[in-house]
Amino acid sequence: MATRSKSSQRWLKEHFSDPYVKKAQAEGLRSRAAYKLEELLERDRLLKPGMVVVDLGAAPGGWSQFVRQAMGDNGRVVAMDILDMPPLAGVDFLHGDFREDSVLSQLEAMLDGAPVDLVLSDMAPNKSGVDAVDQPRMMHLAELAMEFADGHLKPGGAFLIKLFQGAGSDDYIRELRRRYDKVAIRKPDASRKRSPEVYALGQGKRAQIK
């Protein structure tokens, strides 16, 4: 009979004793990540009714679910992920690999030229545990998300993205500062302390890159 490793057992114990996991289960949310987004968006009051929001790396749907509930019946939420995601009422979902041009074209077709108010990216690669492998993969996804925001986010819009602190992240943040009037780096309370993740928030997209 297969047995779990000690590290796997520790993760499971930590996960199920996590107060944010328990809170998400009690409130019917798909993931604890919703509380990260809630803190990040409410601090700057970024979410308003009627907005067009794109959620990259959406599965299992915690962020899209929170945004949809927060905006009520107004606005539009378009989500995509390489992993499949059970349907969410009021969320248009695209199942595909964002790194593929054909998937990007499908996402653009779903938007049908609508200017985007807010781009969210919680994308991350499957971690190998080898930083020299994982960090470049993470930064590649981050570059693709920034390119998407460059092309589809309306002037004055906002871009929120998860980053892993490490090689390339400082250069990436410098690039954000060329594109947005205000850039802040945040680590929400719901983010596990041992995680290298931080969230970069760009507000006030400029019409031209500096």
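Lysine 162 lies in strand E5 of this predicted model, in which local features require a pLDDT of at least 70, side-chain atom pairs count only at pLDDT 80 or more, and totals for chains, interfaces and linings use all residues. Residues are numbered from 1 along each chain as its sequence is written, and side-chain values use heavy atoms, with hydrogens and water left out. Helices (H or I, at least four residues) and strands (E, at least two) are DSSP runs numbered from the N terminus.

With a relative accessible area of 10%, lysine 162 is buried; buried denotes under 20% relative accessible area, exposed over 50%, and partly exposed the range in between (1.4 Å probe, protein chains only). The side chain of lysine 162 forms a polar contact of 3.3 Å with the side chain of aspartate 122. A polar contact is a pair of N or O atoms within 3.5 Å; within protein, one must be able to donate a hydrogen and the other to accept it, and residues adjacent in sequence count only if both atoms are side-chain atoms. When neighbours within four places in sequence are left aside, lysine 162 is in contact (heavy atoms within 4.5 Å) with Ser121, Asp122, Met123, Ala124, Met138, Glu197, Val198 and Tyr199.

Strand E5 belongs to an open sheet of seven strands with mixed pairing, in the order E3-E2-E1-E4-E5-E7-E6. Two strands are taken to pair if DSSP finds at least two bridges between them. On average, neighbouring strands are turned by 15° against each other, direction ignored. Axes are lines fitted to C-alpha atoms, for helices over the stretch in contact, and angles run from 0 to 180 degrees between N-to-C directions.

Strand E4 pairs in the parallel sense with E1 over four bridges and, also in the parallel sense, with E5 over five bridges. Leucine 120 in E4 is the bridge partner of aspartate 55, while valine 119 stands opposite phenylalanine 159 in E5. Six of the six residues of E4 are buried, so this strand is largely enclosed by the rest of the structure. Strand E2 (residues 76-81) runs parallel to E3 and is joined to it by five bridges; aspartate 81 is opposite histidine 95 in E3.

Helix H4 (residues 62-71) lies across strands E1, E2, E3, E4, E5 and E7, and runs at about 180° to E2. Eight of the 10 residues of H4 are buried, so the helix is largely enclosed by the rest of the structure. Serine 64, located in H4, is buried at 0% relative accessibility, and its side chain makes a polar contact of 2.7 Å with the side chain of aspartate 55. Beyond residues up to four places away in sequence, serine 64 touches Asp55, Ala58, Val77, Ala79, Leu88 and Val91. H4 is followed by glycine 72, which has a positive phi near 65°.

Helix H7 (residues 169-179) lies across E5, E6 and E7, running at about 145° to E6. In helix H5 (residues 101-111), the buried residues are Val103, Leu107 and Leu111. Viewed down the axis of H5, these residues fall within an arc of 85°, so they line one face of the helix; the arc is that of the directions from the helix axis to the C-beta atoms. Asp101 and Ala109 are exposed on the other side of H5. The buried residues of H5 pack against E1, E2, E3, E4 and H6.

A nonpolar core is a set of buried Ala, Val, Leu, Ile, Met, Phe, Trp, Tyr and Cys residues joined through side-chain atoms within 4.5 Å. The largest such core has 32 residues, of which Leu56, Phe159 and Tyr172 touch the most other members. Helix H6 (residues 131-152) gives the most to this core, with eight residues. Apart from this core lies another of 23 residues, among them Leu41, Phe66, Val67 and Tyr199. With neighbours within four places in sequence left aside, the contacts of phenylalanine 159 include Leu118, Val119, Ala145, Met146, Tyr172 and Leu176.
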